[in-house]
Amino acid sequence: MSKKSTGKDIWVLGDYRNYFKNRVTLQILARARALAEKTGGRVCGVVFGHDVGGYTSEYIAHGADRVYVIDHPRLKSYGIETFTNLLIGLARDMNPDIILIGATRFGQEVAPRVAKRLDTGLTADCIDLDIDDKQRLVQIAPSFGGNLIARILTPKARPQMATVRPGTFHELPHDDTAQGEVITLDLPEDLPAERIRCTHSEYRPVKTLGIEKADIVITGGRGMGSKGKFKKLFDLAGLLNAEVGATRPVVHAGWVGHEALVGQAGKHIRPKVLFSFGVSGAIQHTAALMDADFIVAVNKNPDAMMMKLADVAIVADANQVCSGIIRALKEKIRD
Amino acid sequence: MDFNPCMKHQVVRKTVREFAENEIGPHAASLDREGRFPTEIIEKMGPLNYFGLQAPPSLGGAGLDTISYAIVIEELSRVCAAIGLCVSVHNSVGLFPILKFGTEEQIARFVPDMAKGLHIGAFCLTEANAGSDAGGVETTATKTDEGYTINGTKIFVTNGGVCDVVLVFAVDAGSQGPSRPNVFIVEKTCPGFSVGEIEDLCGMRANPVSSLFFEDCPIPETNLLGKPGHGLKIGLTALDTGRIGIAAQALGIAQGAFEAALSYAKERRQFNSPLTKFQTIQNYLADMATSIEASRLLLYRAAAAKDEGGDFGAQSAMAKLSCSATARTVTDLAVQIHGGYGYSREYDVERYFREAKVTQIYEGTSEVQKMVIARHLITRPS
Amino acid sequence: MENNTLDIIVCIKQVPMVSELPWNSKTGTLKRELAQGMMDPASRLALEAGLRLQRAGQPEGRRIRVTALTMGPPMAEEVLHQAVSLGADHGVLLTDRKMAGADTNLTSFILGRYIRMFQPDTGLVLCGSQTSDSETAQVGPQLACELDWPAIGWASDIRLTQRTLVVTRLVDDFMETLEMDLPGLVTIDQGALVPRYAGLAGVAQAFAAPKIDVVDADRLELDKDFNALKDSPTRILDVFSPAAQKESRVLKGAAKTVVDKLFTDYGKIISSAMGKDLKKK
């Protein structure tokens, strides 16, 4: 079994912190498979840690042809520099064509360091990946809160690196019959000491961190008409378990407090679903919500910018639709 | 002649705008509705030097040039004209006369706390029988052994309800010949001083405009501002300066109304088009923008003239005349562009509309401004 | 670094106010000079963190000097004045046509070159965790690599001891306390602090006695043929606005009709986000 790569390998770094909630490695493996079809490369998982056999087999079951593993007691706790150094060392030895890492905070710590020290490029928070006709990785990533999307290449430097937004790709179903090699490597003897000491680490999943972390957000604009009518959005929010945000004119009119402001100078939101009622869509506002996965906009004006950005644009009176949705939810929510 | 704003002025504008939009904007409508003076906002503004804009840094002020000062007042007024008014009046007719005409002792005694916003200043000239005619002032100051005793009533005093230090324009009682007006520094702790009811006004409702009563108020000699009999000169200089602040305030009102109208016109659709497609609306917007731009340039010209040191009275009169007229026409058109919604309290423009009118009245009516300008034209050597 | 002084550098970025996004489609770079600029909110937090450390050091007699460092076109000088208005002691603008179009790899190289050449005794570099425009969250850690310093990201709280830095942070649902020796680099998490407002005396003073250094490619001894756009390992192919590309499904009609349609066709998405089942009805 050759340890050297074919020069076309696609590596996916195993981010297993907060697994099972965090599925990003499995998601990226699925995409890596699709990319590998085009390049003819192998999909390789990379795992560092202690007693990580479970993850190794999981990655194979989810698409990896091969998994490189360094399993050692010293790696029991995550160390930024340690994991970075290990990946760099491995990459220098094996020359992968592509390294993909989930854009969790863990991934976003390791990736830039690895890219810098391998003197290669890195595209952050990709929402898509593709292979072009020259077999190069096309990295598609948002900026300005998603108002602009860029397609980026790393023409010359190798490996090509990208971090991938969790939830972008869908993992393949678990396949117990999948075959893959596990290549176990030793901890390098010359691994530098970790300069960042973790004195305390506690798993603390936070239930709600306000509008910026909410899965569902409801925003209201001038089109709601009045403070009294705007209040109805809070009733809807209660049923959806959502947070309420607002545009600047609404905050200025005193219909809601400044903490609800969604905008360049306010809060940035990344909900799974955004309901936007009576919002015209000034760019200062939309800059802060383009990362929403699914947008439903309600406005009497079919040409309002917010309607153009929405996945579903409802041309109707915002108040009536809000009331309608409240009624519908009351009937539909299972007790 | 460089008409581009320099980086300093850009930064002043952005600095004030950020504070105004975050801290004042969300409350402007409710403050106006309730007629409430927001002491909690004022307290945040004190440490940020809003109450010592042109006072020297050694005394706790910001030492800004007058164009910067005008930008500050404009940016505050764009969001809440009542607060813009409070800050403008405090700075230009409350604090400035003390800095310009006060003794070292007076400056040391009053300026530091005023510059920090711990003490709010005001200036009272207007009385029931003395509006544009300052000669009709009846508040008297009678000479005593310890100083003076002041008697009288002043009306429509901006900041009256909250002022700690007020400059009072009074005439010498019992003097032979033409009365000698003086300006006195009166502290609210002075016996016999009281504040009347807050006026119920059409606009600027968050500013506590009120009457002030002086009943045998004992004023020490050391509270006379400037030399005896110099009251008129002090009063006129104060008004020249105050005009720039009010012009800036009017400009801010116009700017706020204009932005609201432009944004509304882009969104609102009738006859299958946004309003901006209609020539009438385009004409309105063009007129509004032109007026604002012209008034702005006059304002900055006056501000620059003041800093140059010469006589800036006519220019500041032109600035106030122009800016207040612009505020009137722009806010009127802003309401018109909003249609029915413009008449509703749910939108800001009706507030701007109500606020604009008084800028043509206080600190010298537009008619008085024209008198000042005409006098300048007629008397200057041709 | 003497025992009781500490030089802090805060990396600041001027970003365009989002109301305009002028894009140069030929070079794939942003025409930053056309847009009104503002101090990136994340940089603002980093500056706030630095200023608070400065204030905290004072009772112990520790002298902490805060430098604001930025790389950008000439107009970026404005954010340095803003930083000085807020309390920074000094500002440095790295500017040169050759630096235009730098990706994070090149940006960190240039920033690192300045620090090594001109402020080598720096003890701490602070950055925002990610800027509001490019949002890569890469410059901080890459700059640390350039300097070969340890770096900790997404700090919500930082505490200086004599020689070390203690950071508290919440990352991926883990609440952590980390410690590293100085010199080091820290990026500050969004929402970690409420930044102060600039006072007008600060603004006036910043311009009255400007404390800004402007440093170009020559002073940094960059190669004669240095070209950040060409030398950056990544290249932007093209940029598009998703708004222009979005295919919206339009629903029209009476409120009840559209609401029914909404739940019929999209009920799954809604219920999945809610984490609750919805009756089909």
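A: Helices, at least four residues long, and strands, at least two, are DSSP runs numbered from the N terminus. Counted in that way, the secondary structure of chain A in this predicted model comes to ten helices and 16 strands. Chain A has 335 residues, of which 56% count as buried, and its C-alpha atoms fill a box of roughly 70 × 45 × 40 Å when taken along the principal axes. Among the contacts in chain A with a separation of 6 or more, 64% are made by residues 24 or more positions apart.

Within this chain, the part to look at closely is the pairing of helix H6 of chain A, residues 232-240, with helix H10 of chain A, residues 318-332. Two packed helices are described by the angle between their axes and by the distance between those axes. For this pair the angle is about 30° and the axes are 10 Å apart. Because angles under 35 degrees count as roughly parallel, H6(A) is roughly parallel to H10(A), and H6(A) passes H10(A) in a left-handed crossing.

Turning to the residues themselves, H6(A) brings Lys232(A), Leu233(A), Asp235(A), Leu236(A) and Leu239(A) to the contact, where they meet Cys322(A), Ser323(A), Ile325(A), Ile326(A), Leu329(A) and Lys330(A) of H10(A).

How values were computed
Residues numbered from 1 in each chain as written. Chains lettered and ligands numbered in written order. Predicted model: local features only at pLDDT ≥ 70, side-chain atom pairs only at ≥ 80, totals over all residues. Axes fitted to C-alpha atoms, helices over the stretch in contact; angles between N-to-C directions. Parallel < 35°, antiparallel > 145°, perpendicular 65-115°, else oblique. Left-handed = near helix turned anticlockwise from the far one by under 90°. Contact = placed C-beta atoms within 7 Å. Buried ≥ 20, exposed ≤ 12 C-beta atoms within 10 Å, placed from the backbone.
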